[in-house]
Structure formats: C-alpha cells, structure tokens
Amino acid sequence: MSASHDHDHDDAHTGPIKTPKQLAWAVFFSFVVPVVVIIMLANYVSTDTKPAAGTEALEKQAVAARIAPVGHVEVKDVNDVAAMKTGEQVFQAQCSACHATGAAGAPKIGDAAAWGPRIKSGFDALVHSALKGKGNMGPQGGGDFSDFEVSRAVVYMANQGGAKFDEPKMAAPAASAAQ
C-alpha cells in the first residue's frame, strides 16, 4: 500500500452518522416523528365525530337517541284495523326488496304482463303463495306481518299489475262472534 491514503474514497463508504450521539438522535426521531404524524392524522380524521360543548350532540334528545335500545317490542291488537299496516306500507317494508327490482325472478310491481297469469290464478292463490312462500320467496317474503297485512300487500301489488281486487275485510273477532 502506498503511504498516501485516499480520504475521499473512505468518505464514500461511510454514512452521515459519525458519532453515537448522532445515532441516538437518528433512532429517536425515526420512531417519534412517525408516531406523532400518525397521532396527528388520526386526530384530524376523527375530529368531526367528536361532539363539542355548545352543539346539539349533547342535547337530551340526541343522547336518548344514541343510547336507545337497538330493537323494540311492538304489540298489535289484531282486531284493530287502524293499527294494521296498509298494503303499501307492507310492500315498502318487505316486498319492495324484490318486487321493485325484479330480483330473484319476482314480478315487478306494475308489470301487467308478469302479473297477468298470477292474477288469473285468483286472490286466494296469490295470498297462499305470499303466506307460504313460492319459488325463491320465503313465507311472507321473510317478513313479520299478520296474514291480514300480507293480504293487503297482495291486493296492493296485484292491483298495480292490473287486477281489480277489493281490499280484504278484517275477520270478525272471535270474542264478538261468541256474544
């Protein structure tokens, strides 16, 4: 080896960290800076969901709505026609999932060509199919309505498809029949 040593050549093979103190700072900042950035980003993204003092989020109604039970029990008097859902309400709540789009082969509401053969089978056959299920449709279309409400929905859908069915009448209550 020659006595003249090339110092520029040695600098090309060394890093920017020359002392242990520089190494400690580099390690510190390589962990602290990303953590601080992540915390700041998370705080920025979630600030709009935090209710602040003076907003409507802390009012009694808003709090009650947030802590209300997920489900509720609804007790219906099967003899009270006014408490029963209309055909359109049952359709919107349950039947529209398939009958509005024609999903799973369901006849679309208002499609007279699709409803024609079904209407010819008669009201009782349609109600029976709706209550017991037919093809891809489960019993009551998967809903939880009374037979009277389902028959109202059948009348609503069939009449939209060209039928002229009358609104079903509520069966006389057994208690008044005994009197």
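**Entry 1: Phe-123.** I looked up Phe-123 and got 23% relative accessibility, so I list it as partly exposed (buried is under 20% relative accessible area, exposed over 50%, partly exposed in between; 1.4 Å probe, protein chains only). The model is predicted: local features need pLDDT of at least 70, side-chain atom pairs count only at pLDDT 80 or more, and totals for chains, interfaces and linings use all residues. Residues are numbered from 1 along each chain as its sequence is written, and side-chain values use heavy atoms, with hydrogens and water left out.

**Entry 2: ring pairs.** I searched the whole structure for aromatic pairs and noted five. Rings of Phe, Tyr and Trp (its six-membered ring) pair if their centres lie within 6.5 Å; planes under 30 degrees apart are stacked, over 60 edge-to-face, the rest tilted. For Phe-91 and Tyr-156 I have ring centres 5.6 Å apart and planes at 50°, so I file this pair as tilted. Phe-91 is in helix α4 (residues 87-99) and Tyr-156 in helix α7 (residues 147-160), so the pair ties together parts 65 residues apart in sequence. Helices here are DSSP runs (H or I, at least four residues), numbered from the N terminus. Phe-91 has 4% relative accessibility and counts as buried.

Next I took Phe-123 with Phe-165: the pair is edge-to-face, at 5.6 Å centre to centre and 65° between the planes. Phe-123 lies in helix α6 (residues 123-132) and Phe-165 in the loop between α7 and α8 (174-178), so this pair ties together parts 42 residues apart in sequence. I also noted a cluster in which ring pairs link Trp-25, Phe-28 and Phe-29.

**Entry 3: helix α7.** I checked the length of α7. Its 14 residues should span 20 Å at 1.5 Å a residue, and the end C-alpha atoms are 20 Å apart, which agrees; the expected span is 1.5 Å times one less than the number of residues. I then checked cover: 10 of the 14 residues of α7 are buried. Among them are Phe-148, Glu-149, Arg-152 and Met-157. The buried residues of α7 pack against α4, α5 and α6 (contact means heavy atoms within 4.5 Å). Just after α7, I found Gly-162 with a positive phi of about 115°.

**Entry 4: Ala-104.** Most residues other than glycine have a negative phi. Ala-104 sits in the loop between α4 and α5 (112-120). Its relative accessibility is 52%, so I list Ala-104 as exposed.

Note on methods
Helices (H or I, at least four residues) and strands (E, at least two) are DSSP runs, numbered from the N terminus.
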